[in-house]
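Morning, everyone. Please look at the model on the screen, and I'll walk you through a few parts of it.

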Amino acid sequence: MELYLDLRSQPCRSVFLFARAVGIPFEFKLVDLSKGQQYTEEFGDISAVRKVPVMKDGGFVLTESTAILKYLVQKHRALVKDHWFPEDLQQRARVNEYLSWQHLNLRAHGSKVFLLKALFPVVMGYEVAQEKMEAAVEDLNQSLRLLEEKFLQSRAFLIGEKISLADLVAIVEIMQPVGVGVDVFGGRPRLAAWRDRVKDAIGERLFDEGHEEVMKTSGLGEEIKSSSQLGEFALKVKKLFS
């Protein structure tokens, strides 16, 4: 099985961390987004979507991180313990509830803060307006409050006392703004304690390996500036934030 990934991408990290945490063998295929490798003909032959992650299992190609995660659970039942994606109807529904909610909430808001801080100044040539950045951070804070109040509550993990796919998908999104210097855990002891439990559950070394690239985001701007795809990045950023 091949996994096409760039670990600066949150969905890629969730797939990478899960596969490594439970011991699913795979070949890591780097698709460097900062160099525009997703737009190459070679990658287009694998996936017309031109986004990562992509899983290739023999002749079967699958896109979308949550679809890949569920596929891996179902294919590798002997390796994957029940708590990751419980067989219990209501517990599984809670995982799916979080996976559905996060797309337009924590993922959308954390990504926006990351893009405004890391990419906007590079491709636009000027810093984002302060009021726009403050509004983006407030949207992120609102998602973090909902994460704590609705999903985490007083539990050890998002759906219970053991880690699930929901926790992995959540932590990678939260670490994205951390990579550009936003202190999302300050003043949130409950969230910080949850992060530490996620680290312990998958192993601190693996956690750090998965987030190493996003924690080095300071060099991302220069990589994109020298990329042949700078114009493509600029168009996408303008479309997102115009």
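**The sheet and its helices**

Helices (H or I, at least four residues) and strands (E, at least two) are DSSP runs, numbered from the N terminus. Angles run from 0 to 180 degrees between N-to-C directions, and axes are lines fitted to C-alpha atoms, for helices over the stretch in contact.

This is a predicted model: local features need pLDDT of at least 70, side-chain atom pairs count only at pLDDT 80 or more, and totals for chains, interfaces and linings use all residues. Residues are numbered from 1 along each chain as its sequence is written, and side-chain values use heavy atoms, with hydrogens and water left out.

Two strands pair if DSSP finds at least two bridges between them. Strand 3 (residues 54-57) pairs with strand 4 in the antiparallel sense, over 4 bridges. There, Lys 56 stands opposite Val 61 of strand 4.

Next, two helices. The axes of helix 6 (residues 130-152) and helix 8 (residues 189-202) come within 10 Å and cross at roughly 70°. That makes helix 6 roughly perpendicular (65 to 115 degrees) to helix 8. Which residues of helix 8 make the contact (heavy atoms within 4.5 Å)? They are Arg 190, Leu 191 and Trp 194.

Terms used
Parallel < 35°, antiparallel > 145°, perpendicular 65-115°, else oblique. Contact = heavy atoms within 4.5 Å.
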